[in-house]
Amino acid sequence: MTASCDQDDVSSMKAAGGKGRALAMDSPRTLLSVLVRLEDAYGWRLLGILAFAQWVVKGVVWGFTVTAMDFLLRDYAVPGPKMQVYKAIAMLPWAMKPLFGLLSDYFPIMGYRKAPYIIIVTLVAVAAYSTIGLTAFKGLPVKGAVLCLIFGCMQASVVDLLTEARYAEKIRERPESGPDLMTYVWGGITVGNLFATGSVGFIIEHWGSAAVYSIIALPAATMLVPTCLGWLEESPMCAQEAGTVRSRLWEQKELVVLVLLTGTATIALVLVGLLQDSVFVNLAVALVASVIVISAFLVLLRSAPKLDHHRRGKGHTMDKTCKDMLCRGHQRGLFLLLHKRQRAVSRRTALLQDVLRLRPRRLRLRPQPGRHVSLQPLHAALALPRHVHLREHPLVPHPPGIIDGLHPLERRSWLAR
């Protein structure tokens with residue numbers, strides 16, 4: 001069906017020229033064919049939950065929230081400097097996405113890492129929006145309204161984070177349709193934001209700024225429908241799998257410390273902004289938190305490679321080090337040799353790629369003039385000293401006819417075909 005539609009589009013564009021090409025690209029049939037291909041690649045459940053999460057929550061609901069925030073605070077007679085502080089702390093849950101991700105991975109609820117958290121933040125956000133819409137200017141103080149805005153932002157942040165994780169997994173499985181899926185997501189977000197920006201003025205003019213939050217409580221609650229129906233397609237984890245995930249997280253202690261430190265600093269900024277009225281105190285706390293977080297990033301990221309070197313020097317043998325690195329590469333100890341021709345150097349230049357599928361960014365094999373490739377990055381990638389040859393290491397297999405000629409590594413005669 002899709003192939004026939006594409007052939008019809010091509011024939012119509014050839015017949016009608018440039019004008020027919022533009023009409024064919026803008027036709028609903030082309031958009032429908034893209035949606036059909038996405039449904040075949042990722043399934044209608046993923047597309048449906050992305051429509052609710054990204055289009056409705058992140059596009060429409062969050063667009064209304066941000067646009068009406070200034071008018072709500074103005075109706076509370078909040079001065080300009082303090083209004084900027086309130087707006088900043090109301091959006092701080094976006095900075096807590098690493099902390100939310102760590103919590104959802106470390107503390108699964110009934111074996112699920114995504115759906116329960118989406119349900120919890122959605123219920124809290126619906127209650128917060130309803131509170132603003134029904135009790136604003138009728139006993140709800142301005143700090144209470146700001147706290148409700150924080151809860152609403154938390155829904156958008158958590159839903160965006162967990163659904164992004166889901167469609168990132170799907171894109172990894174079917175990368176050829178990834179650009180179409182990203183267009184599907186961000187196109188809906190843009191349309192939702194435009195709709196919110198264009199209609200919020202009419203609502204505020206006729207019913208007031210608080211009425212906006214009464215209205216968006218309903219679309220915010222629609223996120224419960226696909227989540228409860230299982231459109232995330234999330235499989236429950238057993239206790240052993242949850243323990244494995246926790247152990248993997250603690251293997252990256254520097255990352256865990258940075259996430260906890262960033263989350264703590266964000267929570268501190270929220271509390272100071274709500275409890276302290278002085279703008280200068282909020283500025284001082286924000287500067288101190290920024291210095292601490294940036295310094296922690298610099299220190300921990302620099303100390304990570306030194307720590308690995310220190311551990312190797314304390315009795316870890318070279319065999320153990322290489323074995324650990326091979327396990328990180330999904331326990332695949334075979335070489336993946338990819339020979340392809342390069343016009344820039346030579347048609348007979350062979351490229352060695354994806355060696356053990358281990359840290360691909362560090363394996364930059366530089367072609368030399370002629371028909372040779374430098375194999376020196378293999379030493380750095382496998383943490384081998386220069387006097388230890390890859391062929392002699394017991395953990396690295398060497399298929400006959402391919403690696404047997406690599407003694408020492410500097411020999412390149414095998415590259416010529």
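Tutor: We begin with handedness. A crossing is left-handed if the near helix is turned anticlockwise from the far one by less than a right angle, and right-handed if clockwise. Keep in mind that this is a predicted model.

Student: Is the crossing of H6 and H9 left-handed or right-handed?

Tutor: The crossing of H6 and H9 is left-handed. By the definition, the near helix is therefore turned anticlockwise from the far one.

Student: What makes H6 and H9 roughly antiparallel to each other?

Tutor: Helix H6 covers residues 115-135 and helix H9 covers residues 209-221, and they pack at an angle of about 160°. Angles over 145 degrees count as roughly antiparallel. H6 and H9 are therefore roughly antiparallel to each other. Their axes are 7 Å apart.

Student: Why are both an angle and a distance given?

Tutor: Because two packed helices are described by the angle between their axes and the distance between the axes.

Student: Which residues of H6 and H9 meet?

Tutor: On the H6 side they are Thr122, Val126, Tyr129, Ser130, Ile132, Gly133 and Leu134. On the H9 side they are Ala210, Tyr213, Ser214, Ile216, Ala217, Ala220 and Ala221. By class, the contact of H6 with H9 has ten nonpolar, four polar and no charged residues.

Student: Next, H4 and H7. How do you know that H4 is roughly parallel to H7?

Tutor: The axes of helix H4 (residues 80-90) and helix H7 (residues 142-173) cross at roughly 30° and come within 8 Å. The limit for roughly parallel is under 35 degrees, so H4 is roughly parallel to H7.

Student: Which residues make that contact?

Tutor: H4 contributes Tyr86, Ile89 and Ala90, while H7 contributes Val142, Lys143, Val146, Leu149, Ile150 and Cys153. They divide into eight nonpolar, no polar and one charged. Lys is one of the charged types.

Student: What makes H3 roughly antiparallel to H7?

Tutor: Helix H3 (residues 44-75) and H7 pack at an angle of about 155°, with their axes 10 Å apart. An angle over 145 degrees is roughly antiparallel, so the term applies to H3 and H7. By class, their contact has 15 nonpolar, four polar and five charged residues. H3 passes H7 in a left-handed crossing.

Student: Now single residues. Why is Lys170 called buried?

Tutor: Lys170 has a relative accessibility of 14%, and buried means under 20%. Lys170 therefore counts as buried. Lys170 lies in helix H7. Leaving aside neighbours within four places in sequence, Lys170 is in contact with Tyr42, Leu46 and Glu233.

Student: What makes Ile109 partly exposed?

Tutor: Ile109 has a relative accessible area of 28%. Ile109 lies in the loop between helix H5 (97-106) and H6. Not counting residues up to four places away in sequence, Ile109 touches Pro116, Tyr117 and Ile120.

Student: What about Met110, buried or exposed?

Tutor: Met110 has a relative accessible area of 73%. Exposed means over 50%, so Met110 is exposed. Met110 also lies in the loop between H5 and H6, and it has a positive phi of about 55° although it is not a glycine.

Student: How do you know that Phe137 counts as partly exposed?

Tutor: The relative accessibility of Phe137 is 41%. Phe137 lies in the loop between H6 and H7. Phe137 has a positive phi of about 65° although it is not a glycine.

Student: And what makes Ile119 partly exposed?

Tutor: Ile119 has 25% relative accessible area. Buried would need a value under 20%, so Ile119 is partly exposed. Ile119 lies in helix H6, and it touches Leu224, Thr227 and Cys228, not counting residues up to four places away in sequence.

Student: How much of the protein chain is buried by that rule?

Tutor: Buried residues make up 40% of the 417 residues in the protein chain.

Conventions
Residues numbered from 1 in each chain as written. Predicted model: local features only at pLDDT ≥ 70, side-chain atom pairs only at ≥ 80, totals over all residues. Heavy atoms only, no water. Axes fitted to C-alpha atoms, helices over the stretch in contact; angles between N-to-C directions. Helix = DSSP H or I, 4+ residues; strand = E, 2+ residues; numbered from the N terminus. Parallel < 35°, antiparallel > 145°, perpendicular 65-115°, else oblique. Contact = heavy atoms within 4.5 Å. Buried < 20%, exposed > 50% of the residue type's maximum accessible area, 1.4 Å probe, protein only.
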